[in-house]
Amino acid sequence: MMNFNICVLGYNYNYKKFLSHIKDKRTQYRLRLLDKSKNIKNIDSKYLKEKIIKEQIKFLALCSSEFIPFISENIDFLIKNKVKIVQASNNYEVINHGFIIKKPFTSYSFEELFLREILKLNEKNIYNIFKNKIILITGGAGSIGSGLVKKLLKLDIKKIHVIDNSEYNIFRLKESINAKDIKKLKFSLTNIENFHLLDLDFKKIKPHIVFNAAALKHVTFLEGNAKQGLMTNVLGTHNVVSAASRSKAKYFIHISTDKAADPKNILGYTKLISEFVCNNFKKTKMKIGVVRFGNVFNSYGSVAETFKNNISNAKKIKLSHPNVERFFMSITEATNLIISSVELISVKKIGNECRTFICDMGEPIKIKDLATKMLYLSGRNPNKYISQSYYGLAKNMEKITENLISKNEKIIKITNNGILEIIGKYKSANLKKINKIIYSKLDNKSIKKEIKLLI
């Protein structure tokens, strides 16, 4: 017979089923019900820690998800004391799996993992700006684009046109939208590198607001494919902003990355040039904005998605360096920043300059800490599933930490909801350095010529 020392968090129906099943089994156990309340505010963190040590608690059984923030806040303590997180099973799981099971990996919310409030929308102002508008999103079937589509469908928009070059991603997005909302969506399988087809789409759609979420974003992939990176991230951006202006769109928002701040790899350089393209696009009445993201948690191809796949398949997680850290934001936060930027550029301002925004993402998070937390919350031992050897940072490609703002930039404004506006001064020497690095990766004279014209 097994001997469990169990501490139960949450007093509800699941807890009662939990108790009834224990009684049905001839199992030795010591059980502590911490509090007969559903309200986590009645639980004292210090008291719980003392009980865990004194009672030698081996399992924390969650009967309510509202206690997950407590787990996140005390994760280092729980790991140190080898306390496993389990869930009190519901009716089906009691019958089929037993009264106590390890918590399987699920898509934990950003707030549960990072313990900070996310950027919120100014609902009233946003509603008025987007009411009855035609929206066009390039890269609209990717992870950011899809999140943006779903967020915009909650507003009183007239139509959303999704342009993407991935037939599979379009299929996935369509399958995730309910029958009522799908009527507001139109899809076009178009590559932003083809200006002629793109321009035809824009002329036909005549969008009021354009979001450019189309991009290649994987660091290691682009190092060996600089030409394609330039075609998509630079020439593609120029094509989209040009087509938007020609179709007389009112607002244009381009999505960039923190890797554009003091770039060290092809992704960063191509994204920085794409920002130059937007800043230098002057002959238009269209208002232009750039939003710069950190790492978007659980987006397609993100480190979180890689960790999740490894955890699900019981594979060890391999890390490049123990001290690598990155800024993280949720998909919801990313879409809120994109939508909020439209509100910000809608305010009258002298001239037609492009404006750049980032959001306050708090302190950067160590990648190792992220892996540890994800493993622990999935019921696995981080020491067992994180490789003890490091494969090293890619030479001249990766940094220990990223910056949101480069040496040539400064913050000029902070909005009430945590959005920062930045401006930068780029000297000709900086552009020459970028040209030199980019050109060293290229072997196509026509592309070099086009890039030179754009900068």
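**Helix packing and nonpolar cores**

Helix 13 and helix 14 are roughly parallel to each other (angle under 35 degrees). In this predicted model, local features require pLDDT of at least 70 and side-chain atom pairs count only at pLDDT 80 or more, whereas totals for chains, interfaces and linings use all residues. Residues are numbered from 1 along each chain, and side-chain values use heavy atoms, without hydrogens and water.

The axes of helix 13 (residues 226-246) and helix 14 (residues 266-279) cross at roughly 20 degrees and come within 9 Å; helices are DSSP runs (H or I, at least four residues) numbered from the N terminus, and axes are lines fitted to C-alpha atoms over the stretch in contact, with angles from 0 to 180 degrees between N-to-C directions. By class, nine nonpolar, six polar and no charged residues take part in the contact of helix 13 with helix 14.

The largest nonpolar core comprises 47 residues, and Phe130, Leu152, Ile160, Phe211 and Phe293 have the most contacts inside it. Such a core is a set of buried Ala, Val, Leu, Ile, Met, Phe, Trp, Tyr and Cys residues joined through side-chain atoms within 4.5 Å, buried being under 20% relative accessible area (1.4 Å probe, protein chains only). Beyond four places in sequence, Phe130 is in contact with residues including Leu152, Phe211 and Ile339.

Serine 146 lies in helix 8 (residues 143-152) and is buried, with a relative accessible area of 6%.

Key: Helices (H or I, at least four residues) and strands (E, at least two) are DSSP runs, numbered from the N terminus. Angles under 35 degrees count as roughly parallel, over 145 as roughly antiparallel, 65 to 115 as roughly perpendicular and the rest as oblique. Ala, Val, Leu, Ile, Met, Phe, Trp, Tyr, Cys and Pro count as nonpolar, Asp, Glu, Lys and Arg as charged, and the others, Gly among them, as polar. Buried means under 20% relative accessible area, exposed over 50%, partly exposed in between (1.4 Å probe, protein chains only). Contact means heavy atoms within 4.5 Å.
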